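Biologist: I have a model open and would like to go through it with you. Can we take it piece by piece?

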Amino acid sequence: MADYDRNNNGLQELEPSPVEESPLGSKEDYFPSQNTPSNPPQNLPTSTLGLSQHSPIWYLTRIQRYSSYVFTAYGVAHIVNTSIIPLLTASVPESNRYLLLTRPYYQGIPAEPLLIIAPLWAHVISGVALRIVRRNLNAKRYGDSGEKEGTKRSFFSSDFWPRVSGVSKLGYPFLPLLAGHIFVNRAIPQQFPGGQSNVNLSYVAHAFAKHPVVSYVGFSALIVVGVWHITWGWAKWLGFTPEQVTVQGGEGEVWQKRRWYGINALAAAVAGLWMAGGFGVIGRGGEAPGYIGKMYDQMYQRIPVVGQWL
Ligand code: HEM
């Protein structure tokens, strides 16, 4: 993560700030006009919807932030079921019993749309929308016509967009990895008689036993990218990233380094914990026997492209 990269002059490059309470939005407070009465009427009316008049950036940053809180709650339940309980019981069938106990809380209607689908879409769409709004605001403030050194900037060039942070760079690969995981574990089983009730940790253990390379590579990528995105994301929400150090000079740099190592150490610990239970217990659970094992094979064969070799 190079969130606090410095440019050639040794200066730290920051997003336009403050982003939330933009001076554009509150210009009147900074430079009251001649016509503004000295005692403005109290209880100014809000918009017709009864909402206060905040900028789109204000709403979008809050949607991006609070949707991730909801998803974090699900993530905690998930690491408990797929790593901590398997580590405690050291048995896949025993862990399946706990999985079935907690499943009703996050699977089905209304828990699943509320806990997973809606927050996920809200988080990603608000992030992309923020990027577009900030790009347009920068263009308005600094007169950026989309041209650089006489040449037209491409829409796809990174110069065109506000700087993409390390957290965001991890967010984009996390998306297809998570979508793939949801597809294999939720969408495919629905196409079989009995649906989701056929699937539990033994389904994952079966994949590790029969297709170890794909399973280890796929789950490692999912865990590493996801845990690093979420840990750095939380560090940002809590104001703990190296970029958010306010102390200047040498002492500030020491703090930046400490934070960088601290956040990465925490991410490594969480990813290590997840892998210990996921790979160490579920990964070694072995193939499912008989009819169930055959059905799992058919399920994995439904994975597009890769499925034909499974
Ligand atoms: C569960 C807890 C999560 C937290 C705490 C979190 C935190 C964050 C933060 C702080 C950002 C903004 C980065 C910045 O502006 O510098 C961000 C962006 C992003 N997140 Fe997450 N995130 C979480 C879950 C997810 C999930 C599950 C996905 C999708 C699989 C995801 C995908 C993204 C994407 C694509 C962006 C980039 C948006 C952009 O800047 O264009 N995040 N996340």
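Biologist: What covers the buried residues of helix 4?
Modeller: The cover includes helix 2. Helices here are DSSP runs of H or I with at least four residues, numbered from the N terminus. Buried means that 20 or more other C-beta atoms lie within 10 Å of a residue's own; exposed means 12 or fewer, partly exposed is in between, and C-beta atoms are placed from the backbone.

Biologist: Which residues of helix 4 are buried?
Modeller: They are Ile116, Pro119, His123, Ser126 and Leu130. In an α-helix there are 3.6 residues a turn, so residues three or four places apart point the same way.

Biologist: What should I know about the model before I go on?
Modeller: It is a predicted model, in which local features need pLDDT of at least 70, side-chain atom pairs count only at pLDDT 80 or more, and totals for chains, interfaces and linings use all residues. Residues are numbered from 1 along each chain as its sequence is written.

Biologist: What does the chain average in pLDDT?
Modeller: The average is 85, and 80% of the residues score at least 70. pLDDT is the predictor's confidence in each residue, from 0 to 100.

Biologist: How many contacts does the model have for residues 18-30?
Modeller: There are 10 beyond four places in sequence, and pLDDT stays under 50 over that stretch. A contact means that the C-beta atoms of two residues, placed from the backbone, lie within 7 Å. Where pLDDT is low, the predicted coordinates should not be read in detail.

Biologist: Back to helix 4. Where does it bend?
Modeller: At alanine 118, by about 30°, and proline 119 follows within four residues. The bend is the angle between axes fitted to the seven residues ending at a residue and the seven starting there.

Biologist: How far apart are the end C-alpha atoms of helix 4?
Modeller: They are 45 Å apart, which agrees with the 46 Å that its 32 residues should span at 1.5 Å a residue. The expected span is 1.5 Å times one less than the number of residues.

Biologist: What joins isoleucine 109 and proline 110?
Modeller: A cis peptide bond, with omega about 5°. Proline 110 sits in the loop between helix 3 (92-106) and helix 4.

Biologist: Now asparagine 81: buried or exposed?
Modeller: Asparagine 81 is buried, because 22 other C-beta atoms lie within 10 Å. This residue is in helix 2. Leaving out residues up to four places away in sequence, asparagine 81 touches Tyr98, Leu99 and Thr102.

Biologist: And how many other C-beta atoms lie within 10 Å of valine 80?
Modeller: There are 16, so valine 80 is partly exposed. Valine 80 also lies in helix 2.

Biologist: New topic, the ligand. How many residues surround it?
Modeller: There are 24, and the closest are Gly127, Ser165, Ser168, Gly171 and Gly233. A residue is near a molecule if its C-beta atom, placed from the backbone, lies within 6 Å of it.

Biologist: Which helix gives the largest share of that shell?
Modeller: Helix 5, with seven residues. Helix 2 (56-89), helix 4 (111-142), helix 5 (166-190) and helix 7 (212-238) each supply at least two.
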